[in-house]
Amino acid sequence: MTTALSLLNLVPLRAGQNSKQAIDAAVRLAQFTESLGYTRYWIAEHHNTPNLASSATQLLIGHVLSQTQSIRIGSGGVMLPNHSPLMVAEQYGTLATLYPQRVDLGLGRAPGTDQRTAAALRRHFSHQPYDFAQDIGELQYYFSPLQSEDSVRAYPAAGIDVPLYILGSSTESAYLAAALGLPYAFAAHFAPALLLQAADIYRRHFQASPQYARPYFIVALNAIVAETEAEAAYLASSQQQFFLNVLTNSRRPLAPPIDNMDALWTPAQQYQVEHMTACSMIGSPDSVKTQITTLQAQIHADEIMAVSYIYDEDLQHRSYQLLKNLF
C-alpha cells in the first residue's frame, strides 16, 4: 500500500498505572513509531476523564516533540469550543517555532467533555450556537503574515506554517472542511456510521484553497494486529472493555484482555460497542491487509490513522510494527 500511515493516542491509563506512567508510555510509543517511519502522531483532547491523561494536550505535544526527532506531532484535536483562538495560535505558534515543520493542528467542534466541564473550561460558555467556522477563521488570521493595520496578533504565530486539519464524525464537518479547502480527518474509530457519506461529500464539494489544491482525507480507525487471528481477537477484548466503559461511564483504566466478554456486557451493550467499533481492523497481518484493502476500495483515504487499545505495551508496539509492514 502507498497510503500514508499515522497514529492517534488518547493516552489511556492502563490498569495499575498513574498519569506519569501513562505519559511515559505515550512517549515510548511515539519514539517507537517514529523509528518505524510513521507519518504523524496525534494526541486527543479529553477533560474530566480520570482514565485518560490527555487533558493538557499542547503540553503533551511539546513533551513528545522534545523526545522525538522527525515524526510530526499534533492535536487530534484541539476542541475549539474550549479555547480562545488567540491562545491556541500562541501555543501552537510557539511549538512550531521550537520544532519547525513538525507541528500539526487538528481542530474539533465538540467540547470533548460534558457540558458542566465545558462551562468550567471556557467561562463565557453559553447556550448560544457555537460558530466553529468563525473560530477557524480567527486562527487562520493569527497564523497569517503581519499587516501594518493589525491591532491584535498572536506572537510568535504570525507567518508561521502550522497546517490546520478539520476533525469530525458527521457530514456537517465534511461540508465545512470542503468549503475551507482544508484536510479532513474522520473519526471512524468511535463513530463510523457516516464514514462513506462524509468521505464522498468532502471530495465532491472540496474547494481549492491557497494551502491545498486538492482534498486530503484521513480516516482514523482501530487497529489490532497480531501473529494470529486468535491472538488479535483476544487482545481486542481490551478495546471492547474500553468502549463498554464509555457506554457505562465507568471511567476504568484500560483493562487486560479476557477470554470471554459475556460476563461483562449485556446483548444490548454488545450491540452498541460493536456498532461504535465497526471500523476496526483486527486480525493477522494477511487478514488486516485484506480488511484495509476492502475499506480503501470504498473511501480511498490519503492517510490512515490507527488507534490501538492494547493493554500490553510490548504487544501494542508489535501491533504497530506489523501494521506498518503492510504499508
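Buried means under 20% relative accessible area, exposed means over 50%, and partly exposed lies in between. The views below come from a predicted model.

View 1. Asp24 has a relative accessible area of 24%, so Asp24 counts as partly exposed. Lys20, at 52%, counts as exposed. Side chains of opposite charge can pair when their charged atoms come close.

**View 2. A salt bridge between Glu303 and Arg40.** The closest N and O atoms of Glu303 and Arg40 are 2.7 Å apart. Glu303 lies in strand β9 (residues 303-307) and Arg40 in strand β2 (residues 40-43), so this pair ties together parts that are 263 residues apart in sequence. Both Glu303 and Arg40 are buried.

**View 3. A network of salt bridges.** The residues linked in this network are Arg40, Arg72, Asp104 and Glu303.

**View 4. A salt bridge between Glu172 and Arg109.** The side chains of Glu172 and Arg109 meet at 3.8 Å, N to O. Glu172 is part of helix α6 (residues 171-180), while Arg109 is in the loop between β4 (103-108) and α4 (115-121), so the pair ties together parts that are 63 residues apart in sequence. Arg109 is partly exposed, with a relative accessible area of 29%.

Terms used
Residues numbered from 1 in each chain as written. Predicted model: local features only at pLDDT ≥ 70, side-chain atom pairs only at ≥ 80, totals over all residues. Heavy atoms only, no water. Buried < 20%, exposed > 50% of the residue type's maximum accessible area, 1.4 Å probe, protein only. Salt bridge = Lys/Arg side-chain N within 4 Å of Asp/Glu carboxyl O. Helix = DSSP H or I, 4+ residues; strand = E, 2+ residues; numbered from the N terminus.
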